[in-house]
Amino acid sequence: MSAENPKVMEKEIQKPLSPGRFTDMLYELLGNKRIRYSVYAALVITALVIPSFADNYVLEVFTNAYFYIILCLGLNIVVGYAGLLDLGYAAFFAVGAYTTGILTSQFGFNFWLTIPFSILFSVIAGVIIGGPTLRLRSDYLAIVTLGFGEITRIAARNLEITGGASGLIGIDRPMLFGMRLYQIHHFYFLFFVLVILAIFISHRLYNSRLGRAWEYIREDEDAAEAMGIDRVRYKLYAYVMGAVFGGVAGSFFAVKMTAISPQTFLFTQSAMILLAVVLGGMGKIQGVIVGALLLVFFPEIFRGIGDMRMLVFGIVLLIIMVFRPQGIWPTRRS
Amino acid sequence: MSTFDIFLQQLVNGLLLGSFYSLIALGYSMVYGIIKLLNFAHGDIYMAGAFVGLIALSFVSGIVGAGWLGILISMVFSMIAVGLLGVLIQRAAYRPLLNAPRLSILITAIGVSLVLYNSVMVLTDGEFKAFTTDLGFAGVGLGNVHITYTQIILVLATAALMISLNLFISKTKYGKAMRAIALDKDACRLMGINVNKIIAITFFIGSALAAAAGIMAGVYYGSIHFFMGFVLGLKAFTAAVIGGIGSIPGAMIGGLVLGLLEAAGTQLPFIGSEWKDVFAFSILILLLVFKPTGILGKTETERM
């Protein structure tokens, strides 16, 4: 009888022990390739047909959600893949947004040409902050990034070129194939394409040599170094890669909003993005997307709580860290 | 004003600012020394100390007035209350995660910080609260510089707190246990030291010192705000790193050095007061590049 079906037995024993039975079911379901791809295809089709019936408010919320998915996937490379705590992620998003804003409005650049500059400046900022601190314990990185976030915001507020406290206004809308992008459904599709691109890059990175090196460093730094992985260099790659995601997202944010100000890049912003990544499940693309969606939809649904929002978020963060530190949809790698 | 007057004025400003940094940096360093945690919520503990102190003062001032006696009583009350808050935070949020990956406990600390300052924000509607006292502006004049008695007493009070802390750590049984845990936690357990109790005492003292700094800042600046702990916490951390994190005399020296550097920085061309925070963080980043162990830190290279 015991030899009858060991697999079933095993499951019966495991079930009461596992805290996330729902996620177990989900994993089992998505483990089947055919089901997985049909679910993904259904999601993509849903996303593509939403603009044909949704009103502008719904599209605005969705576009915002896509924007946060990109930011969260970027931070996920730093926090989830490489295990480094970045508390000033909004700074990279600010670097990208201001680069595009300044180059288009003051130097007359075409929007698409500003993206390479955003990437360049994000990389430079990433190397300046990451270079010295990644040699030390990662606690230092956390607090230095927090300081860097503040420096960027203070600099944006006090410099003339960034428009001071009122920021930049009247940033030009981008042109694409001779069409000016200005309506909300234009940006809906633009950000949707970016999300697909971000997911693709994240997925490829995760399964690459680089991704495996990051995982090794995250799990056991000394062992990784003993295996010949240059830990400082690989950590810097992760940090800079996250910076580039933030910078590019910032560029697109600038042209969508047409106005940016230092108030957009408060510490709260960095904390929210981090919360979404932790909430969803560090290192897991699907988890991070769920986290980002919750981050955007939760306040829209519970508009009534207003100022209490961050308090509720802080409490949620604490409860998750104490009781379910791996997040809603954590990564599992065999 | 002559150059000497400006120098003297900035010296006084720097000493006071440095005193606040030192008191808060001590909490960072003590907690770091004992459980290797950067307690992000520490700046918010300082903020909480100021608010608890203000509430206590509003009760006490009806009986003894808002002079030094009233301030002393509210300070003692606030130090005990916020010290217990620190112990509670440690017990509820940090202790369950002591053996979890480092990232989890750091994120938890941010969560605690968010909860603390947002609770105060909701309770105060995000407004500045006046910290009214009867101290006045009496003082002594040195040349053209007027130094109030308040400023002198605050610096002396900080010195008294630091001397008591040093005596506590070097002379008492608990202080010895703290130093021992910083060296080897497991060996301490085997020697019969109640490690959890000592960690709780460390949080109590660190939080009480931050609360004292919070009230002093309230008395000095005359108003308090829910966000006052954020930048100050960051700078106190910078001070702890300057002195050598984990070292108690280092935190004291680091705070004073940072306070004086900042006061000097406001006089430099191109820096001025808008850029003073940028100046402090740049010092932090430069220090981490060239001397990450700080002035009094140990030279061990530890990795995570």
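1. Helix α12(A), in what is a predicted model, comprises 14 residues and extends 20 Å from its first C-alpha to its last, which is close to the 20 Å expected at 1.5 Å a residue. Of the 14 residues of α12(A), 13 are buried, so the helix is largely enclosed by the rest of the structure; the criterion applied here is that 20 or more other C-beta atoms lie within 10 Å of a residue's own.

2. Turning to the contact between the chains, 36 residues come from chain A and 36 residues from chain B. On the side of chain A that touches chain B, the elements that give two or more residues are α6 (111–133), α7 (138–158), α10 (221–226), α12 (267–280) and α14 (309–323) of chain A, and among these α7(A) gives the most, with 13 residues. Helix α12, discussed above for its burial, is thus also one of the elements listed for this side of chain A.

3. As to the composition by class of the side of chain A that touches chain B, 24 residues are nonpolar, while six are polar and six are charged.

4. In chain B, strand β2 (residues 139–142) and strand β3 (residues 145–148) are paired in the antiparallel sense, with four bridges between them, and L142(B) is found opposite V145(B) of β3(B). The hairpin that β2(B) and β3(B) form has two residues between the strands, and in this hairpin G143(B) takes a positive phi near 65 degrees.

Terms used: Residues numbered from 1 in each chain as written. Chains lettered and ligands numbered in written order. Predicted model: local features only at pLDDT ≥ 70, side-chain atom pairs only at ≥ 80, totals over all residues. Contact = placed C-beta atoms within 7 Å. Nonpolar A, V, L, I, M, F, W, Y, C, P; charged D, E, K, R; others polar. Expected span 1.5 Å × (residues − 1). Buried ≥ 20, exposed ≤ 12 C-beta atoms within 10 Å, placed from the backbone. Pairing = 2+ DSSP bridges.
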